Amino acid sequence: MEMTQRQRSLLVYIAQCLAGTAIGYYLYTLYPTIGAWCLISIILVLAPDRKDAMTLAKTRIKANLVGAAIGLIIFFIHPVNLLIVCVGITLSIVACELLKLQPATRSAAIAVLIITMHESGKHFWDIALERAGGVLAGCIIGMLITWAFHTVIIRSKKAIRKIVK
């Protein structure tokens, strides 16, 4: 029984998520704060649809960085509370609209939450910067995974075409 294109795409996406989870979890064991947010960002960057995987990964990375920047800015301007978090999410949605990053608006909003939510009594800036670093690292790792899988799939398709000819 031959697999359909949809089934193959699903298996590739699962493999990408498992690779990302393994890398993110390893970073989590080394650096818990950075690793946890890195892991979440990796999964947010990966896309189940191979057709536009690279484009969507780039869009999600841009949105994640927009959200992280907004999170850091609002974190600096005012102590975090419900109103400030809501303002940050609103700003991330508007920024994504203006920057034509609509498919990844959710990623930007989540990045705002990652940066601004913290435990009482912790050093606020240290936590915010560590989380921003985790988001950035997760974006880079997610993009590298997407690129690696995309490259392997394209090369294998070319090799199969040569064999068939």
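Biologist: Which is Leu44 in this model, buried or exposed?

Modeller: A residue is called buried under 20% relative accessible area, exposed over 50%, and partly exposed in between, using a 1.4 Å probe and protein chains only. Leu44 has 13% relative accessibility, so Leu44 counts as buried. The model is predicted: local features need pLDDT of at least 70, side-chain atom pairs count only at pLDDT 80 or more, and totals for chains, interfaces and linings use all residues. Residues are numbered from 1 along each chain as its sequence is written, and side-chain values use heavy atoms, with hydrogens and water left out.

Biologist: In which helix does Leu44 lie, and what does Leu44 touch beyond residues up to four places away in sequence?

Modeller: Helices are DSSP runs of H or I with at least four residues, strands are runs of E with at least two, and both are numbered from the N terminus. Leu44 belongs to helix α2, residues 32–45. Contact means heavy atoms within 4.5 Å. With residues up to four places away not counted, Leu44 touches Arg60, Asn64, Ser107 and Ile110.

Biologist: Where does Asn64 lie, and is Asn64 buried or exposed?

Modeller: Asn64 sits in helix α3, residues 53–77. Its relative accessible area is 0%, so Asn64 is buried. Leaving aside neighbours within four places in sequence, its contacts include Ser41, Leu44, Ala108 and Cys139.

Biologist: How many helices and strands does the protein chain have, and what share of its residues is buried?

Modeller: There are six helices and zero strands, giving the pattern α-α-α-α-α-α along the sequence. Of the 165 residues, 38% count as buried. Among contacts with a separation of 6 or more, 71% involve residues 24 or more positions apart.

Biologist: What should I notice about phi at Lys100?

Modeller: Most residues other than glycine have a negative phi. Lys100 is not a glycine, yet its phi is positive, about 60 degrees. Lys100 is in the loop between α4 (82–98) and α5 (105–116), and is exposed, with a relative accessible area of 65%.

Biologist: Which residues form a nonpolar patch on the surface?

Modeller: Patch residues have over 30% relative accessible area and no salt bridge; like charges are joined within 9 Å, and nonpolar side chains (Val, Leu, Ile, Met, Phe, Trp, Tyr) within 5 Å. A salt bridge is a side-chain nitrogen of Lys or Arg within 4 Å of a carboxyl oxygen of Asp or Glu. Here the patch consists of Met3, Leu10, Leu11, Ile14 and Leu18, with about 460 Å² of accessible area together, where areas come from the Shrake-Rupley method with a 1.4 Å probe and, for residues, only the protein chains shown count as cover. Leu10 lies in helix α1, residues 5–30.
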